[in-house]
Amino acid sequence: MPSGTEGLGFVVDASAALPWCFEDEATLATEALLERLRAGEPAVVPSHWPTEVMNGLVMAVRRGRIDHERITRFARDLAALPIRIDAHRAPTAWDAVIRVATEYQLTV
């Protein structure tokens, strides 16, 4: 684990969080992450995470999958979980992000 990240728990990206709102997208892995959070294990997310998650929810409203009330409830539920937004590490993480994305042929 890189220096300065001890005790952070784990990282959650939007593709893991959005299935918590959509039962038909949930997997054993996404449900396990949610259970870890509900049990109090902390997670950290990058600064763009809330925007990415909320955009996914707004797109679901446009497609008729959910309504605004569901977004409000889901956002409230997310806020109650031990998820910390890590904005101050963004520039220092760029090298690692580029390395991992390149190595595993992922998008940033």
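I take partly exposed to mean a relative accessible area between the buried limit of under 20% and the exposed limit of over 50%. The model I am reading is predicted.

**Arg 65.** I then turned to its partners and found that the side chains of Arg 65 and Asp 24 meet in a salt bridge, at 2.8 Å from N to O. Since Asp 24 sits in the loop between α1 (14–17) and α2 (28–38), and Arg 65 in the loop between α3 (49–62) and α4 (68–80), this pair ties together parts that are 41 residues apart in sequence. Arg 65 also forms a salt bridge with Glu 25, where the closest N and O atoms are 2.6 Å apart; this pair, too, links distant parts of the chain, 40 residues apart.

**Arg 36 and Glu 41.** I recorded a salt bridge between Arg 36 and Glu 41, with 2.7 Å between the closest N and O atoms. Arg 36 is partly exposed at 34% relative accessible area, and Glu 41 is likewise partly exposed, at 28%. Returning to the shared partners, I noted that salt bridges join Asp 24, Glu 25 and Arg 65 into one network. The structure holds six salt bridges.

**Tyr 104.** I found Tyr 104 in the segment after α5 (90–103), exposed at a relative accessible area of 53%. Together with Val 100 and Leu 106, Tyr 104 forms a nonpolar surface patch with about 300 Å² of accessible area.

Key
Residues numbered from 1 in each chain as written. Predicted model: local features only at pLDDT ≥ 70, side-chain atom pairs only at ≥ 80, totals over all residues. Heavy atoms only, no water. Patch = residues over 30% accessible without salt bridge, like charges linked within 9 Å, V, L, I, M, F, W, Y side chains within 5 Å. Areas by Shrake-Rupley, 256 points an atom, 1.4 Å probe, with all protein chains shown as cover. Salt bridge = Lys/Arg side-chain N within 4 Å of Asp/Glu carboxyl O. Helix = DSSP H or I, 4+ residues; strand = E, 2+ residues; numbered from the N terminus. Buried < 20%, exposed > 50% of the residue type's maximum accessible area, 1.4 Å probe, protein only.
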